[in-house]
Amino acid sequence: MARVCQITGKRTRTGNNVSHANNKTKRKFFPNLQKKRFFVESTGEWVTLRVATSAIKTINKNGLEATLRKAHERGTLSL
């Protein structure tokens, strides 16, 4: 399974490990993804999403349906 947030679209980034001698080797920066169940009040169902912790904070602040609507408008929603 790809390491991509289903709400924000955050994905693995690449960069360098830099040693004291300034040697550079490739490394990966992974998003902090968590598997979380959310309750959709309009349908009365539970939905399991793989989301970044920043997306969980956004859902707690704005509500699930508003966040899903905004992600769909941005084009980052992948369900």
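Two strands are said to pair if DSSP finds at least two bridges between them. Helices (H or I, at least four residues) and strands (E, at least two) are DSSP runs, numbered from the N terminus. The structure is a predicted model, in which local features need pLDDT of at least 70, side-chain atom pairs count only at pLDDT 80 or more, and totals for chains, interfaces and linings use all residues. Residues are numbered from 1 along each chain as its sequence is written, and side-chain values use heavy atoms, with hydrogens and water left out.

Strand E1 (residues 13-18) pairs with strand E2 (residues 24-29) in the antiparallel sense, over six bridges. Asparagine 17 has threonine 25 in E2 as its bridge partner. Five residues lie between the strands of this hairpin, and asparagine 22 takes a positive phi near 65° there.

The largest nonpolar core has 14 residues. Such a core is a set of buried Ala, Val, Leu, Ile, Met, Phe, Trp, Tyr and Cys residues joined through side-chain atoms within 4.5 Å. Buried means under 20% relative accessible area, exposed over 50%, and partly exposed in between (1.4 Å probe, protein chains only). Cys5, Ile7, Phe38, Leu49, Val51 and Leu64 touch the most other members of the core. Strand E3 (33-40), strand E4 (45-52), helix H1 (53-62) and H2 each supply at least two of its residues.

Helix H2 spans residues 64-74. Its buried residues are Leu64, Thr67, Leu68 and Ala71. Seen down the helix axis, these residues fall within an arc of 100°, so they line one face of H2. The arc is that of the directions from the helix axis to the C-beta atoms. Lys70 and Glu73, on the other side of H2, are exposed. The buried residues pack against E3, E4 and H1. Contact here means heavy atoms within 4.5 Å. Leucine 64 touches Phe38, Phe39, Val40, Leu49 and Ile59, not counting residues up to four places away in sequence. Threonine 67 has a relative accessible area of 8%. With the residues up to four places away in sequence again not counted, threonine 67 touches Ile7, Thr58, Ile59 and Asn62. Just after H2, glycine 75 takes a positive phi of about 90°.

Glutamine 6 sits in the segment before E1. A polar atom of its side chain lies 2.8 Å from the backbone nitrogen of arginine 50. Residues touched by glutamine 6, beyond those up to four places away in sequence, include Thr48, Leu49, Thr76 and Leu79.

Methods: A polar contact is a pair of N or O atoms within 3.5 Å; within protein, one must be able to donate a hydrogen and the other to accept it, and residues adjacent in sequence count only if both atoms are side-chain atoms.
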